[in-house]
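The entries follow in the order of the look-ups.

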Amino acid sequence: MAADTEEPAFYETLIWSEPEPRGDLLDPPLSRADVVAALMRIADEEGLPAVSVARLVSDLGPAGRSVSSHVRYLGDLEDLLIDGVLAELVLPEPNPEQWRSDLRTAALELRAAIARHPWFPSLTFRRPLFGPRALDWLDHIMTVTEGAGLAIADAAAYAGIVTGHVLGAAMCEAEEEEMQRRRAGDRTNHEVHKVLQEFLSGVTASGRHPAFSRFLQAGAQHLTPDESFEISLDALLAGLALRAARQSAAA
């Protein structure tokens with residue numbers, strides 16, 4: 001993200017700590033929703049490096065003259081982007097009788113939003129998640145996990161574990177995809193597969209990694225990222241459910 005706004009030496013006041021400007025009273029009029037929509041459009045089309053105050057002003061046209069009423073620091077742009085993505089989430093009303101299913105639904109909903117905005121996870125590790133939509137998400141997940149009979153501190157920990165799993169998986173997938181893109185260069189898929197097959201044949205012939213070799217020789221189907229994620233998510237939720245049951249029994 002282009003740093004054309006100077007970051008203060010102190011920990012700046014979060015944009016959420018001040019009332020949202022009345023967009024209709026600005027000259028020219030400009031709402032926060034308009035700012036968020038423009039930021040997300042830039043990030044989606046060109047990636048985070050293209051996001052800057054200058055670019056935002058340019059994209060908004062005449063209304064861009066009112067951007068300074070909404071944005072003070074570079075962090076404001078990032079906070080608005082985070083909240084814009086989380087505003088897309090559609091989360092069901094928590095049901096204590098099906099907390100595990102609700103948790104799974106929420107995780108998949110967040111993953112779907114990340115698929116639409118792959119730049120999102122990296123921002124969540126750079127900014128405090130205190131925006132209204134971020135707090136809506138955390139409150140929802142904590143409410144859901146409380147349905148397992150957990151104390152609020154444990155519910156908060158479970159919420160962090162599930163959220164971190166979704167974000168971490170998305171970041172790993174993005175990095176792997178970028179690595180493969182760089183290594184492939186201008187080669188066709190057939191050329192890439194041929195080089196990889198020759199290497200793996202050598203791995204099998206060496207006898208050094210017998211389990212991995214058995215996997216290759218079995219012709220096992222490689223999981224798609226979505227399939228792999230759902231398996232890992234179900235395993236995580238099963239472990240959380242078992243732990244929650246033990247905690248309830250010990251209480």
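I note that the model is predicted. I looked up the cavities of 30 Å³ or more and found two.

I recorded about 60 Å³ of space in the largest cavity. Its lining consists of Leu86, Leu110, Phe120, Thr124, Leu129, Trp137, Thr163 and Leu167. Helix H5 (120-124) and helix H7 (152-184) each contribute at least two residues to the lining.

Entry 3, the second largest cavity. Here I recorded about 40 Å³ of space. I listed Trp16, Asp79, Ile82, Asp83, Pro128, Leu129, Phe130, Gly131 and Ala134 as the lining residues. Helix H3 (residues 74-86) provides the largest share of them, three residues. By class, I found six nonpolar, one polar and two charged residues in this lining.

Which residues touch the most other members of the largest nonpolar core? I found Leu56, Leu81, Trp119 and Phe120, in a core of 56 residues. The elements that give two or more residues to this core are helix H1 (32-46), helix H2 (53-60), H3, helix H4 (99-116), H5, helix H6 (132-146), H7 and helix H10 (225-250). As general background, I note that nonpolar side chains in soluble globular proteins tend to be buried together.

I looked up the contacts of Leu56, leaving out residues up to four places away in sequence, and listed Val35, Ala38, Leu39, Ile42, Val67, Val71 and Leu77.

Technical notes: Residues numbered from 1 in each chain as written. Predicted model: local features only at pLDDT ≥ 70, side-chain atom pairs only at ≥ 80, totals over all residues. Heavy atoms only, no water. 1 Å grid on protein atoms, 1.4 Å probe; cavity = no way out; pocket = protein on both sides within 12 Å on 5 of 7 lines; lining within 4 Å. Points joined across faces, edges and corners; volume = space filled by probe spheres on them. Helix = DSSP H or I, 4+ residues; strand = E, 2+ residues; numbered from the N terminus. Nonpolar A, V, L, I, M, F, W, Y, C, P; charged D, E, K, R; others polar. Core = buried A, V, L, I, M, F, W, Y, C linked by side-chain atoms within 4.5 Å. Buried < 20%, exposed > 50% of the residue type's maximum accessible area, 1.4 Å probe, protein only. Contact = heavy atoms within 4.5 Å.
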